[in-house]
Amino acid sequence: MSRYIVSNVVYGWDNPLQIFFAQRYEGEDCIDDIEAETVAELDAYCQQANILIPFEIIEKLQEDYKNREAQSPLQQLIVGWIKQDYTS
């Protein structure tokens with residue numbers, strides 16, 4: 001998993017879950033928790049929350065995706081359970 005911190009926002013790529021994320025904090029409280037399947041989708045969701053992703057971070061996230069590892073069978077099973085819970 002990659003993490004990039006800019007000011008009060010953490011951006012990253014979660015390889016086991018195969019998602020991009022952005023989390024905005026006020027103090028220790030996470031006030032925005034955004035997940036997306038693509039960098040473009042993450043950027044759109046962040047813009048809706050008035051969060052701008054710096055270009056350097058977009059490049060790093062794209063590189064993380066390019067270098068991603070395949071999910072193990074166990075990770076695929078767990079992700080399937082998680083996605084099933086969200087759609088149920």
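In which helix does Asp64 lie? Select residues 55-66: this is helix α2, and Asp64 lies within it.

Before going further, note that the model is predicted, that local features need pLDDT of at least 70, that side-chain atom pairs count only at pLDDT 80 or more, and that totals for chains, interfaces and linings use all residues. Residues are numbered from 1 along each chain as its sequence is written, and side-chain values use heavy atoms, with hydrogens and water left out.

**The whole chain**

Display the chain as a cartoon. Three helices and four strands are present, in the order β-β-β-β-α-α-α from the N terminus. Helices (H or I, at least four residues) and strands (E, at least two) are DSSP runs, numbered from the N terminus. Along the principal axes, the C-alpha atoms fill a box of roughly 35 × 30 × 25 Å.

Next, colour the chain by accessibility. Of the 88 residues, 33% count as buried, meaning under 20% relative accessible area with a 1.4 Å probe, protein chains only.

Return to Asp64 and show its side chain. Asp64 is buried yet has no salt bridge, that is, a side-chain nitrogen of Lys or Arg within 4 Å of a carboxyl oxygen of Asp or Glu.

Finally, select Ser2, Tyr4 and Trp13. Asp64 is in contact with these three residues, its neighbours within four places in sequence being left aside; contact means heavy atoms within 4.5 Å.

Notes: Buried < 20%, exposed > 50% of the residue type's maximum accessible area, 1.4 Å probe, protein only. Lys, Arg positive; Asp, Glu negative; His and termini not counted.
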